[in-house]
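Reader: Hi! Could you walk me through the aromatic rings in this one?
Author: Happy to, let's have a look together.

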Amino acid sequence: MPTKPKDIKLKNVATLAKFKPNGNNFITSHMDGRVRIYEYFESRKPKRRASIKIHPGPVRSFVLDETSQSIFSCCDEKTVRRTDLETIQVMQDYTCENDDLACLYRFSEKILVSTSNDGQLTIFDTLSSKIIKKIDIGETFTCMIGSDGWKTLMYCSSEGFLHAYSLKNWRLLDKSDLQEDEYTCGAIISANKVLFGSSQKGRFCVYNRNEWGNPSDILYTSTSSIDHVEPIDESTLVFTALDGFVGSYHTYPSYLAGYYCKRVPSIITSCSVSTEADLLMISHEDGLSFWSLEQDLLSNTSLKKSSKRQNSNNMINRIQSGNFFSDL
């Protein structure tokens, strides 16, 4: 029976960690502006294969191209950078008008969307690096996801709104009513449903495709909050809470299926799932932790909540300001 890789400690905090779609590799981005490539093995510690200095500051987001041979990444400056993972060379730069970039999302082969924390969307043609469209939402960024199949980009703000944009002409399709929840993460869960995790209420708000006014359903997790979510299949997902809880949730019928860890001892910055390898990976302040999706799922009894509330974006800002560790 396959066994998971061993956990590893990292000297430099990983801001993101993602499995590559094929093979036994994953990629991490870091506070020191580097992106690192690892190979993982059963019952052994992952081995670092490459370390690439791409940005002068913390890497806030990265996405792979359609072949997984190059990576788009950004820090808190104006430049999005594309780097070849084979040659370890910068291929192309994409320049935004606003700095303080927060998130990237790639559509199809040639569309890349970046957003700054203040709500400035920039849409690039990845082949020419030319700007296709600029959209000033004017609301503070919390979450951005999209769907090639739906031809839709979804942007969530701390002001409590969900914006849906068409990929065909980049027009606003709809804007939600004011919501009580601040959405920090989201995932497509079926052909016609998307859910968003709430940072304050520990619940998922489900929207039907093309019905963006208000949630069609609300799913409760019995946890304090939701910070990251990754779908396993159309009915099951993995999520993390701000207090370090890592759980599994079944959407329809909705119930907390179990947990992998009641409390990761340090702040979680991302999670990634490889269904091919049956693995869950969590990046946190101290390093990387791994679980088998099937073997390591435990009963959901005796759950406890915590009052600790800190997300990964705030973590980066506080480390940069020098007062992060003194506040823990």
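Reader: Let's start with charges. The charged end of which residue sits over the ring of Phe-62?
Author: That is Lys-18, with its charged end 4.8 Å from the ring centre of Phe-62. Bear in mind that this is a predicted model. Arg-44 also has its charged end over a ring, that of Phe-41, 4.3 Å from the centre.

Reader: Nice. Now ring against ring: how many aromatic pairs are there?
Author: The count comes to 18 aromatic pairs. One of them is Phe-26 with Tyr-40: the ring centres are 6.2 Å apart and the planes are at 25 degrees, under the 30 degrees cut-off, so the pair is stacked.

Reader: And where do Phe-26 and Tyr-40 lie?
Author: Phe-26 is in strand S3 (residues 25-30), while Tyr-40 is in the loop between strand S4 (34-39) and strand S5 (47-53), so the pair ties together parts 14 residues apart in sequence.

Reader: Are those two buried or exposed?
Author: Phe-26 and Tyr-40 are both buried. They also belong to one aromatic cluster, together with Phe-19, Tyr-38 and Phe-290.

Reader: Switching topic, why is the pair of Tyr-94 and Phe-124 edge-to-face?
Author: Their planes are at 65 degrees, over the 60 degrees cut-off, so the pair is edge-to-face, with ring centres 5.5 Å apart.

Reader: Which parts of the chain does the pair of Tyr-94 and Phe-124 link?
Author: Distant ones: Tyr-94 is in strand S9 (residues 89-95) and Phe-124 in strand S12 (residues 120-125), 30 residues apart. Both Tyr-94 and Phe-124 are buried.

Conventions:
Residues are numbered from 1 along each chain as its sequence is written. This is a predicted model: local features need pLDDT of at least 70, side-chain atom pairs count only at pLDDT 80 or more; totals for chains, interfaces and linings use all residues. Side-chain values use heavy atoms; hydrogens and water are left out. Rings of Phe, Tyr and Trp (its six-membered ring) pair if their centres lie within 6.5 Å; planes under 30 degrees apart count as stacked, over 60 as edge-to-face and the rest as tilted. Helices (H or I, at least four residues) and strands (E, at least two) are DSSP runs, numbered from the N terminus. Buried means under 20% relative accessible area, exposed over 50%, partly exposed in between (1.4 Å probe, protein chains only). A charge sits over a ring if NZ of Lys or CZ of Arg is within 6 Å of the ring centre and within 35 degrees of the ring normal.
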